[in-house]
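Please read it alongside the sequence and the coordinates.

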Amino acid sequence: MLASLIIVFREVLEAGLIVGIVLAATQGVVGRARWIALGIVSGIVGSCVVAAFADAISALFADTGQELFNAGVLLIAVVMLAWHNAWMAQHGRELARDMKAVGHAVRSGERSLAALAIVIGVAVLREGSEVVLFLTGILASEEGGIATVAAGGLGGMALGALVSVLLYAGLVQIPTRHLFSTTTWLLTLLAAGMAATAVNFLAQAGILMAGGTILWDSSGILRDNSLIGQALHVLVGYTDRPTEAQLIAYVAVVAGILLLTRWAARNSPRIASSVR
Amino acid sequence: MRRFTLLSAACAIALTVTALVPAGAARADDIVTIVIKDHKFEPVEVKIPANKRVTLLVDNQDATSEEFESNEMKVEKIVGGRKQIKVMVGPLKPGRYPFFGEFHEATAQGAVIAE
């Protein structure tokens, strides 16, 4: 029972950390609770759907469906994070100054929230479908499986929620004027890490044939599958054996988002919000 | 209008990544089979050539799903009950690369020996 709880928690951890960052990044934005809840709920519903069709998805595209699905949803999340950061660069200052005075920003803020809801939904979907497959396996094969599934599923989810709350509570200790720049950095590194993971799925599928050489091995210092390693993997994209292609993707996404936000910040917020 | 420019700029980032992908999925000739039975791997250790892309075929003969995973080989893939999957690994330097079944980690342990 404890083993199943730990497995569920490890899967839920990634989504939990992402929810925590998004909660902090949307501090003070009207209607965020609704969007974040929507992201989580659609992610859970989607998990069940993906798990139900897991074999069919896996068989797609000459048996590379699973990798393409994972890489695809990760890259969607990368684009959404990039877009959100660009939006924050345009409107973040007004948001921090006075929420009520910027009617336009609040309205387009909904779009930014929708982008982050998609990021959450995707994170929940990816890990959630694995949890569903794992738990249905227990249900099918073990005596008294229901108790194990209930304890593992609910306990793991509760621990994941706890991680979200703790990370959020920690991040909002940061003074408001630094909070958004911190969360922007966190979201940028989150996106870069996701891109690196996506690249790895493409390599595993045999679609990306180049850049598979491992650059270094820091597993002696911090292993990927340790709890800290896994948390850092989500937060900053840490991996103990990065490949060339992963490093290229990581650097490209960080550089791309930095350029994009710098470019977006140059546009005057007033003009930006009047152009509909 | 600006919104579209912003969106397309964001897409450009994703494209930078996908630009690395050459057209068409090439397949290596080397295929090594690993069977999962009673949540154990058979054989427990498989030998593959080093410094080469190799395809591992994982044949799950159990009724329940398994997640074939290896941090050392950087693979992670769900194998449905009574299904097979292929993953491409390497090029690997000579050495021992453990893998495991995440859903039954206590028993499902194995390793690839690259030489």
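Read along its sequence, chain A of this predicted model follows the pattern α-α-α-α-α-α-α-α-α-α, and its secondary structure comes to 10 helices and zero strands. Of the 276 residues in chain A, 50% are buried, and among the contacts in chain A with a separation of 6 or more, 82% are accounted for by residues 24 or more positions apart.

Chain B has one helix and nine strands, and from the N terminus on its elements run α-β-β-β-β-β-β-β-β-β. Buried residues make up 38% of the 115 residues of chain B, while 58% of the chain B contacts between residues at least 6 apart in sequence join residues at least 24 apart.

**The five-stranded sheet of chain B**

Five strands of chain B form an open sheet with mixed pairing, and their order in that sheet is 3-9-8-5-6. Strand 3 (45-48) and strand 6 (75-79) of chain B each have a single partner strand and stand at the edges, so one side of each is left without a neighbour in the sheet. From one strand to the next, the twist averages 20°.

**Pairings of strand 1 in chain B**

Strand 1 of chain B, residues 31-37, pairs in the parallel sense with strand 4 of chain B, residues 54-60, over six bridges, and L57(B) in strand 4 of chain B is the bridge partner of T33(B). Strand 1 of chain B is also joined by three bridges to strand 2 of chain B, residues 40-42, and here the two strands run antiparallel. I36(B) stands opposite F41(B), which lies in strand 2 of chain B. The hairpin formed by strand 1 and strand 2 of chain B has two residues between the strands, and in this hairpin D38(B) takes a positive phi near 50°.

The pairings described above are set out in the table.

| Strands of chain B | Residues | Sense | Bridges |
|---|---|---|---|
| Strand 1 and strand 4 | 31-37 and 54-60 | parallel | six bridges |
| Strand 1 and strand 2 | 31-37 and 40-42 | antiparallel | three bridges |

Conventions: Residues numbered from 1 in each chain as written. Chains lettered and ligands numbered in written order. Predicted model: local features only at pLDDT ≥ 70, side-chain atom pairs only at ≥ 80, totals over all residues. Pairing = 2+ DSSP bridges. Helix = DSSP H or I, 4+ residues; strand = E, 2+ residues; numbered from the N terminus. Axes fitted to C-alpha atoms, helices over the stretch in contact; angles between N-to-C directions. Buried ≥ 20, exposed ≤ 12 C-beta atoms within 10 Å, placed from the backbone. Contact = placed C-beta atoms within 7 Å.
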